[in-house]
Amino acid sequence: AICLHGILLDKEMLKNKTFLESFPNKQLILVNLPGFGESTMLKHLSFYELNKTINKFTDYLELEQFELIGFCLGGDIAFDYSIKYPHRVKKLTLIETMIYFPNWLNIFFVPNVEKFYYSLVETDFFKNYLINNPYFGANSENSIVFDGFKKADFKDNLKYLKMVKKYSKLNHLNRIKESTIPLEIMMAEYSAPEIQRTTKSLLIVRPDTTVKRIEGCGHLMNS
């Protein structure tokens, strides 16, 4: 199964215990999205270019068909790929994925906030917040997430955020309802409202969907 990670992180986040235990009998291929980890950012970021990148990668591995697993941002990318290339996807698993853009994220598109954001992430205050966060900081059980934050390029992340905001305006329910690809949704116990809404909406148009709830976990699949 090809596995795509979430925003602000890299493929290392998918090595956490909860994620790996959710797929005990699968060969997992963890992939860095363009601009994350050691992967080079695309010159022109779009779902079209990301889909081309997945095709190149899977062609290189000589995979004609494969399961596709996406977490959060990676779920949006996996979702789009499965619609564009249904003949290549044997099964689609969406983890903590939302097709609705959270209103609070619009703050990053308010004039001057973007500049403030770029300067904030360079401050000692923000760096100390990441280090000392009890859920994913350097000394937490999920320190692997912290390692991803350290390598994050926040400007590249904002490019992804803009892309996803535009993407959320499409009618994804119409796009997926005719799909025959087996669909599985995995949600944390404490999922955000937009993720819960996504799950309910997809169940209406795809009642054959399998839903699994990961008890005791938050969005980052951490207990």
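**Close-up views of helix, core and sheet**

**View A. Helix α3 is largely enclosed by the rest of the structure, because 10 of its 12 residues are buried.** Buried means under 20% relative accessible area, exposed means over 50%, and partly exposed lies in between, for a 1.4 Å probe and protein chains only. Helices (H or I, at least four residues) and strands (E, at least two) are DSSP runs numbered from the N terminus. The model is predicted, so that local features need pLDDT of at least 70 and side-chain atom pairs count only at pLDDT 80 or more, while totals for chains, interfaces and linings use all residues. Residues are numbered from 1 along each chain as its sequence is written, and side-chain values use heavy atoms, with hydrogens and water left out. The buried residues of α3 are L73, G74, G75, D76, I77, A78, F79, D80, Y81 and S82. Helix α3 covers residues 73-84, and at 1.5 Å a residue it should span 16 Å; its end C-alpha atoms are 17 Å apart, which agrees. The expected span is 1.5 Å times one less than the number of residues.

**View B. I77 of α3 belongs to the largest nonpolar core.** Such a core is a set of buried Ala, Val, Leu, Ile, Met, Phe, Trp, Tyr and Cys residues joined through side-chain atoms within 4.5 Å. This core has 34 residues, of which L4, L33, L68, L73, I77, L92 and Y160 touch the most other members. At least two residues each come from β1 (2-4), α2 (47-60), β3 (66-71), α3, β4 (89-95), α7 (154-167) and β5 (183-188). Helix α7 gives the most, with 6 residues. Apart from this core lies another, of 17 residues, among them M13, C72, I95 and A188. With residues up to four places away in sequence not counted, I77 touches L4, L33, F47, L50, N51, I54 and Y160; contact means heavy atoms within 4.5 Å.

**View C. An open sheet is formed by 6 strands in the order β2-β1-β3-β4-β5-β6, with parallel pairing.** Two strands pair if DSSP finds at least two bridges between them. The edge strands, β2 (29-31) and β6 (210-214), each pair on one side only. From one strand to the next, the twist averages 20°. Helix α3 lies across β1, β3 and β4 and runs at about 145° to β3. Helix α9 (residues 193-205) also packs on the sheet, where it touches β4, β5 and β6, and its direction makes about 155° with that of β5. Axes are lines fitted to C-alpha atoms, for helices over the stretch in contact, and angles run from 0 to 180 degrees between N-to-C directions.

**View D. K91 lies in strand β4 and its side chain makes a polar contact with that of E184 (3.5 Å).** A polar contact is a pair of N or O atoms within 3.5 Å; within protein, one must be able to donate a hydrogen and the other to accept it, and residues adjacent in sequence count only if both atoms are side-chain atoms. K91 and E184 are 93 residues apart in sequence and 7.9 Å apart in space, C-alpha to C-alpha. K91 is partly exposed, with a relative accessible area of 24%. Opposite K91 stands E67, and 6 bridges join β3 to β4.

**View E. Strand β5 is largely enclosed by the rest of the structure, because 6 of its 6 residues are buried.** L183, I185 and M187 point one way, and E184, M186 and A188 the other way. Strand β5 is joined to β4 by 4 bridges and to β6 by 5 bridges. T93 stands opposite E184, whereas the bridge partner of A188 in β6 is I214.
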